[in-house]
Amino acid sequence: MLFRSLQWKYPTVEDFLDDADIDDALVVWGKIRGADFAGSLSGFHPTAQAAVKMSLIDPLMSGDEDQIRAVLRKILDYPA
């Protein structure tokens, strides 16, 4: 699979996430990262596995750019 970098042309992360031109890239990225996360759940309690799958992995691997954006926004908006 060929990957290319996107030139950062956005004043904010929110502007980046709102750009429809990155829809395809978000879907590809989500499937890759979702699979990475899924592969790291084996040591989790089954209840935790189900929660992470539902809230993170399923949306990332959904192929729906809006669900992927929502996950990224939740991560970005999480209080430090």
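Predicted model: local features only at pLDDT ≥ 70, side-chain atom pairs only at ≥ 80, totals over all residues.

1. Which residues are linked with Arg 73 in a network of salt bridges? They are Glu 14 and Asp 18, which together with Arg 73 make up that network. A salt bridge is taken here as a side-chain nitrogen of Lys or Arg within 4 Å of a carboxyl oxygen of Asp or Glu, and the structure holds six of them.

2. Residues are numbered from 1 along each chain as its sequence is written, and side-chain values use heavy atoms, with hydrogens and water left out.

3. Asp 23 and Arg 69 form a salt bridge in which the closest N and O atoms are 2.6 Å apart. This pair links distant parts of the chain, since Asp 23 belongs to helix H2 (residues 23-38) and Arg 69 to helix H4, 46 residues apart; helices are DSSP runs (H or I, at least four residues), numbered from the N terminus. Both Asp 23 and Arg 69 are buried, a class that means under 20% relative accessible area, with exposed meaning over 50% and partly exposed lying in between (1.4 Å probe, protein chains only).

4. Arg 69 also forms a salt bridge with Asp 66, the closest N and O atoms here being 3.6 Å apart. Asp 66 and Arg 69 both lie in helix H4, three residues apart, or about one turn of the helix. Asp 66 counts as exposed because its relative accessibility is 52%, whereas Arg 69, at 6%, counts as buried.

5. Within helix H2, Arg 33 and Asp 36 are three residues apart, about one turn of the helix, and their side chains meet in a salt bridge (2.6 Å, N to O). Arg 33 counts as partly exposed because its relative accessibility is 32%, and Asp 36 counts as partly exposed at 44%.

6. Turning to helix packing, the axes of H3 (residues 46-61) and H4 (residues 65-77) come within 8 Å and cross at roughly 140 degrees, the axes being lines fitted to C-alpha atoms over the stretch in contact, with angles running from 0 to 180 degrees between N-to-C directions. In H3, Ser 55, Leu 56, Pro 59 and Leu 60 meet Gln 67, Ile 68, Val 71 and Ile 75 of H4, where contact means heavy atoms within 4.5 Å.

Methods. Helix = DSSP H or I, 4+ residues; strand = E, 2+ residues; numbered from the N terminus.
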